[in-house]
Amino acid sequence: MSIYIYPVLFGITCGLIARLIMLRTDYRQYPTYLHGKIIHISLGFIAAVLGAVSVPALIEENITAVTFLTVAASQFREVRNMERNTLKQMDGFELVSRGDTYIEGIALAFESRNYLVIFTSIVTTIAFIFTNLYISLGAMVLCIVIARVLMDGGKIKDICEIEYVKPHFEGSGLYIDNIYIMNIGLAKRREDILRYGMGFILKPKNFNAMTTIANLGQRQAILYDISTSLGIFRDSGTPALTPLAKRDLKDGRVAIFVLPQHRDIKRAIEIIGNTPTLENAIRLPSERKKHEEGDSDDNGENDPRLPHDESS
Amino acid sequence: MTMEKMILACLTTNPRKAPAGLAVFYCDSKEEMEQMGAVLEAVLDGIAHAIHEEITIIVRH
């Protein structure tokens, strides 16, 4: 029996544990129970095997064996494509769609999780070969913590203040605060909207946040999350009841209009706040300013383009 | 074929203001326009927008 059998088995187990921890089925119900999970656990197992086996290959100076990792990389890119295609097909049947930006973010996360599994397997296998079991277990815990930190992105509540505002009509125009949402021509629909509609204003904390929430994909992600969690008062053939997010051109605030079935203001604010800031939506215009003017502590908070209270 | 982003129909109580080039429904009263608008909205999968007191258009977004 090879002397590397236990280190490799340990590395595979650690990689698989890391993948299982990262495989969460949350309110978005993705991956779906059970078949979706089997696919991702299997791919996680393959990633763990590749990571664990690469260490003995390197120790034995079998450098070319490492080229297997490049095969793995192309396989995991395929995972991203698979996720993207599946989610896009499913998106057409949702009452409120996720949007391409959100889908791309999810697909990206699935690919990167497999790389984190390879990383965990490599580190734990190295630890097992060169140290003892306890240090290896510590390395596993450390890898899982690193993976969790890397997988947790920012949230909307970190970059915006969220406030509930009741929707109102001026003629046929639907408004949230002073932000125009859309024209509703039928009186019956206006009644439905006033009865079931809820409005929220997202006030960006700095100029970077203003640019991030201006992204249409980010706004669609917020609408999707809130509609998934609180239900939606609409069906096919009622496009007038579609949730919308519109932007105030003057100060960059974003108005969110939704028709949830469960009308709980506190819960809705919580859900909007917990919506992830999408990687593809994040913009940092203040970084350019810093780069041009040298280092500065100002990250856009004092930008004159930001919304300011009239009273202050 | 799926049509997107276009005016599907127009409802009006004033024949003088009816546009050309699309399906126009003449209504006798505002109530009739409301009723017909609700039916057309559901059938055509569009949104009724009141652009004037006498004109409502059904738009696919």
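In chain A, the axes of helix α1 (residues 5-22) and helix α2 (residues 35-59) come within 8 Å and cross at roughly 145 degrees, where axes are lines fitted to C-alpha atoms, for helices over the stretch in contact, and angles run from 0 to 180 degrees between N-to-C directions. Helices (H or I, at least four residues) and strands (E, at least two) are DSSP runs, numbered from the N terminus. The crossing of α1(A) past α2(A) is right-handed, a crossing being left-handed if the near helix is turned anticlockwise from the far one by less than a right angle, and right-handed if clockwise. On the α1(A) side, A:V8, A:G11, A:I12, A:G15, A:L16, A:R19 and A:L20 meet residues of α2(A) that include A:H40, A:G44, A:A48, A:A52 and A:P56, with contact meaning heavy atoms within 4.5 Å. The residues of this contact of α1(A) with α2(A) divide into eleven nonpolar, four polar and one charged; Ala, Val, Leu, Ile, Met, Phe, Trp, Tyr, Cys and Pro count as nonpolar, Asp, Glu, Lys and Arg as charged, and the others, Gly among them, as polar.

The model is predicted, so that local features need pLDDT of at least 70 and side-chain atom pairs count only at pLDDT 80 or more, whereas totals for chains, interfaces and linings use all residues. Residues are numbered from 1 along each chain as its sequence is written, chains are lettered from A and ligands numbered from 1 in the order in which they are written, and side-chain values use heavy atoms, with hydrogens and water left out.

Elsewhere in chain A, A:V254 is found in strand β7 (residues 254-258) and counts as buried at 1% relative accessibility, where buried means under 20% relative accessible area, exposed over 50%, and partly exposed in between (1.4 Å probe, protein chains only). The C-alpha atoms of A:V254 and A:L202 are separated by 5.1 Å, although the two residues are 52 apart along the chain. A:L230, placed in helix α9 (residues 216-230), is likewise buried, at 4% relative accessibility, and touches residues including A:P260, A:H262, A:R267 and A:I271. Between the C-alpha atoms of A:L230 and A:R267, 37 residues apart along the chain, the separation is 8.5 Å.

Chain B comprises one helix and four strands, which follow the pattern β-β-α-β-β along the sequence. Of the 61 residues of chain B, 36% count as buried.

A positive phi at a residue other than glycine occurs at A:D177, with about 60 degrees, and at B:D45, with about 55 degrees. A:D177 lies in the loop between β3 (173-176) and β4 (179-183) of chain A, and B:D45 in the loop between α1 (30-44) and β3 (47-52) of chain B. The relative accessible area of A:D177 is 35%, partly exposed, and B:D45 is also partly exposed, at 34%.

The structure holds zero disulfides over all chains, a disulfide being a pair of cysteine sulfur atoms within 2.5 Å. The sulfur of A:C14 is 8.1 Å from the closest cysteine sulfur, in A:C143, and therefore too far for a bond.

Note on methods. Lists of a residue's contacts leave out its neighbours within four places in sequence.
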